Amino acid sequence: MTQSPAHTDLWPAPTATGAVDATVTVPGSKSVTNRGLVLAALAAEPGWLRRPLRSRDTLLMAEALRAMGVGIEETVSSSSEGTPDGTGEAWRVIPAQLHGPATVDVGNAGTVMRFLPPVAALSDGPVRFDGDPRSYERPLHGVIDALRALGARIDDNDRGALPLTVHGAGALEGGPVEIDASSSSQFVSALLLSGARFNQGVEVRHVGSALPSLPHIRMTVDMLRAAGAQVDTPEAGGEPDVWRVSPSALLGRDLVVEPDLSNAAPFLAAALVTGGRVTIPDWPEHTTQPGDALREIFTAMGGSCELTDAGLTFTGTGRITGLDADLHEVGELTPVIAAVAALADSESELRGIAHLRLHETDRLAALAKEINELGGDVTETADGLRIRPRPLHGGVFHTYEDHRLATAAAVLGLAVPGVRVENVATTAKTLPDFPELWHGMLGSVAETAAPRA
Ligand SMILES: O=C(O)C1=C[C@@H](OP(=O)(O)O)[C@@H](O)[C@H](O)C1
Ligand SMILES: C=C(OP(=O)(O)O)C(=O)O
């Protein structure tokens with residue numbers, strides 16, 4: 001677990017004094033926004049992203065594409081072009097010949113550091129990638145090795161990681177390639193997203209142990225198909241662990257970005273923890289987002305949900321049951337689920353998530369350490385966490401520059417007075433207005449501990 005720089009700002013997490021009853025409009029999906037930006041940048045004609053997520057990860061993606069020559073105009077569109085919630089925010093993406101030299105700051109965004117090197121290989125000059133210290137530690141070898149095998153020149157000083165320079169040659173041969181994507185599904189998504197623009201397309205074969213986050217690969221495939229690409233997948237009767245994208249032009253789309261269902265997790269958890277009710281408007285009826293699994297997961301933990309025209313309404317009873325689940329498909333939901341599990345009335349075992357050790361921080365170590373420092377009993381297993389609920393007490397919850405650690409801490413704070421969350425601003429990675437949304441949801445049913453250092 002990387003020690004984050006010292007942060008002195010401690011956010012007093014509000015404690016719920018009653019059952020929440022709220023409607024929370026969750027901003028757009030990070031994963032959909034960043035895929036939408038990449039596909040729009042590679043298209044043969046301009047396109048729109050409506051209701052995009054505006055957060056650190058998506059602004060880094062937009063800035064990086066702009067650095068390579070893509071036009072991205074941020075507009076507040078008229079109501080005739082408006083979005084379901086009436087905000088009317090829309091981004092117009094105007095593709096162009098991709099240029100180098102360019103510099104890309106990936107921050108600590110997995111989607112930027114993995115999805116853009118293949119795009120840079122199509123540019124006509126060198127593109128330098130750098131990012132936060134943690135980005136140097138996150139796996140990238142799958143993308144680097146695959147791009148080299150497909151014809152790209154990359155200078156990474158033999159690190160297999162950031163920082164690096166992709167020497168774009170204006171085109172990439174492409175073709176078949178084998179990768180081990182057991183440390184991140186984003187390796188597969190990265191190659192598929194640009195694959196239609198390679199001379200021979202791309203055929204990605206995953207070799208290695210279990211692949212995490214399959215819903216995110218399905219999201220990539222769905223969005224490619226919606227942009228006109230032909231994609232063969234294991235699900236469509238193809239070979240297991242093989243995805244193929246045929247070479248073709250991509251269409252410019254008019255895409256309305258769904259709300260980020262993974263970022264709905266802390267709000268739905270609030271219903272469970274307080275025995276209240278939370279509605280998330282615009283919850284899609286069909287989606288590839290892993291957050292959709294929250295309906296099943298939180299129902300198994302003791303609540304119930306209903307999908308209506310108003311959105312997804314989740315209702316808790318105040319009683320939380322422990323969970324025994326393999327979360328490898330939905331790993332990014334783990335921090336909030338672990339927080340809820342720490343407040344349950346029985347033990348939980350969360351499995352299949354060893355790869356979380358390579359996320360924004362080592363999430364398994366961080367969750368165990370921070371929940372235990374509040375009096376909990378969490379142990380790391382080889383591939384997950386065992387959580388035995390115990391009465392918790394207040395204290396500082398360190399967040400290691402990890403947005404999902406901060407939202408998990410807020411969930412604990414609902415039931416545990418005196419939780420103070422270090423650097424809550426780190427939620428800006430995917431959910432910049434988190435403290436405001438959280439206070440808004442709680443309305444009058446909250447009490448905030450006086451901040452103490
Ligand atoms: O492709 C995506 O948008 C994502 C894939 C997943 O990554 P991993 O497969 O590395 O877990 C997920 O955890 C991440 O938050 C977003
Ligand atoms: C793992 C995550 O992010 P990234 O896209 O940086 O991999 C996450 O958001 O939980």
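Let me begin with a term: two residues are in contact if their C-beta atoms, placed from the backbone, lie within 7 Å. Among contacts in the protein between residues at least 6 apart in sequence, 76% link residues at least 24 apart. The model is predicted, so local features need pLDDT of at least 70 and side-chain atom pairs count only at pLDDT 80 or more, while totals for chains, interfaces and linings use all residues. Residues are numbered from 1 along each chain as its sequence is written, and chains are lettered from A and ligands numbered from 1 in the order in which they are written.

Next, the overall form. Along the principal axes, the C-alpha atoms occupy a box of roughly 60 × 50 × 45 Å. Of the 453 residues, 55% are buried, that is, 20 or more other C-beta atoms, placed from the backbone, lie within 10 Å of the residue's own.

The secondary structure comprises twelve helices and 25 strands; these are DSSP runs, of H or I over at least four residues for helices and of E over at least two for strands, numbered from the N terminus.

I now turn to the sheet. Four strands form an open, mixed sheet in the order β11-β12-β14-β13, where pairing requires at least two DSSP bridges between two strands. Its edge strands are β11 (175–179) and β13 (231–232). Strands β12 (residues 202–206) and β14 (residues 242–245) pair in the antiparallel sense over four bridges, with Arg-205 opposite Val-242 in β14.

Conventions
A residue is buried if 20 or more other C-beta atoms lie within 10 Å of its own, exposed if 12 or fewer, and partly exposed in between; C-beta atoms are placed from the backbone.
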